Amino acid sequence: MMEYNTLDDMNVEGKTVLLRVDFNMPLDKKTFEILDVTRMKRVVPTLHELHDKKAKTVILAHQGRKGSWDFTDLSNHAKTLSSILQKNVTFVDDIHGQKARDAITAMRPGEYLMLDNVRKIPYETDKKSAEEHAKTPFIKDLSSVADVFINDAFAAAHRKQCSLIGFTVTLPSCAGRLMEKEITTLSKIVENPEKPSVFLFGGAKFSDMIITIERLFEHQTADKILLTGLPANAFLKAKGVNLGPANEKALLDEGSEEQFTQIKQLLDKYPDQVYLPSDFAIEENNQRKEINIDDLPVDKPLFDIGQKTIEGYENLLSSAKTIFLSGPCGVFENPIFMKGTKELFTYITTLDAFTIVGGGHTVAAVKKLNLDQKMSHISTGGGSLEKFMMGEKLPVIEALKEAKKKYVVTR
Ligand code: 3PG
Ligand code: MG
């Protein structure tokens, strides 16, 4: 038994459904065209099902944040979704006013309608309880013209925001198919991963990774963690390796002395479970040059892991039954520094392991390498995925569980 309702528990035929999705996508800075429609495509199964079951589907979504350049209206999102679905998606430039409500009440079974960017509502991003959010005009107005609330916004599941949890108080609520798949798949990895479970972390940030790694070991979600990219540099520095001024500066820009002390403590606590690179690639005369850890410090940025590290990591990954990937191994946008990412990611797809990929840049790398179809699960989450993997409770999922207690299944 699921702790929350799914679409299997809801009778949506002829019903007006409020569907909260995460269509927060990367846009082109000049043209505002959507650069990657993955998040949209991943909601298609839910959207098709609602159409086939003759629901009237009202889509609620956000894009950007107030004050950010990518904080746009959703007219282009509606157009793009329409071409993905090959069905009309009507855009209404209102959210809960009379215009929106009139458009909703005029809908016919099987139709789609998209309301405007919910973050235009001043209190949308308030961090409040579902009950408090439910008292707002936004939730009250739309609840008065809807029958069911469906949340498919896994990528925003870590936010306690109005449209994400408020409707679970006022309407029978359930998870959409994407939300269900993300929770089911990721729960297995967190609670009962097939062992050994190996995590490969890279990318250009390390601050949040310290606590993530601690939790992954504490909960025995991960047996081994292999580091590349900036996290690897941070851990090497914490161990006392002098990386050279360029690399040290990049680390100090993001992290504090205190964090390096925390990393040192983490390494002392789990000495055999965190692995660090033993060689690297730098740029010399526009060429890739590999250097050994003994060659450090260098006055050049470390742009990739080297051949020895690739082989060592392949060896460590070879027996894994669960593999989690987050963060490219180097500056993969540059062909000469794509090697580490390309070789390790490709190698992983040849193994008999359950492979999970998360995070925008990692997913982009996997797609660029044409490996997306070869991974077991690609999560749409960034921040939400990270929190989920750490074993934290996510407000959106908790709200759906609460809603299940209240709503007695009628079908
Ligand atoms: C995301 O892309 O991180 C989610 O859509 C949540 O958006 P936010 O980080 O702006 O709250
Ligand atoms: Mg975010």
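F217 belongs to helix α10, which spans residues 209–218; helices are DSSP runs (H or I, at least four residues) numbered from the N terminus. This is a predicted model, in which local features need pLDDT of at least 70, side-chain atom pairs count only at pLDDT 80 or more, and totals for chains, interfaces and linings use all residues. Residues are numbered from 1 along each chain as its sequence is written, ligands are numbered from 1 in the order in which they are written, and side-chain values use heavy atoms, with hydrogens and water left out.

**Residue F217**
- F217 counts as buried because its relative accessibility is 5%, where buried means under 20% relative accessible area, exposed over 50% and partly exposed in between (1.4 Å probe, protein chains only).
- Leaving aside neighbours within four places in sequence, F217 is in contact (heavy atoms within 4.5 Å) with A222, D223, K224, I225, Y270, Q273 and V274.
- Between the C-alpha atoms of F217 and M390 there are 9.6 Å, although these residues are 173 residues apart along the chain.

**Residue K237**
- Helix α11, residues 229–238, contains K237.
- K237 has 18% relative accessibility and therefore counts as buried.
- With neighbours within four places in sequence left aside, the contacts of K237 are L243, E248, L251, L252 and F260.

**Second largest pocket**
- The second largest pocket holds about 370 Å³ of space; a volume is the space filled by probe spheres set on grid points, which are joined across faces, edges and corners.
- Lining it are 17 residues, of which I183, S187, E191, F388 and K401 are the closest to its centre.
- A pocket is an open set of points on a 1 Å grid over the protein atoms alone, where a 1.4 Å probe fits, with protein on both sides within 12 Å along at least five of seven lines; lining residues have an atom within 4 Å of a point.
- Helix α9 gives the largest share of this pocket's lining, six residues.
- By class, the lining has seven nonpolar, three polar and seven charged residues; Ala, Val, Leu, Ile, Met, Phe, Trp, Tyr, Cys and Pro count as nonpolar, Asp, Glu, Lys and Arg as charged, and the others, Gly among them, as polar.

**Ligand 1**
- Around ligand 1 (a heavy atom within 4 Å) are D22, N24, R39, H62, R65, R119, A155 and R159.
- A side-chain N or O atom of N24 is 3.0 Å from an oxygen atom of ligand 1.
- For R39, a polar side-chain atom lies 2.9 Å from a ligand 1 oxygen atom, and for R65 the corresponding distance is 2.8 Å.

How values were computed. Helix = DSSP H or I, 4+ residues; strand = E, 2+ residues; numbered from the N terminus. Polar contact = N/O pair within 3.5 Å; in protein donor to acceptor, adjacent residues only side chain to side chain.
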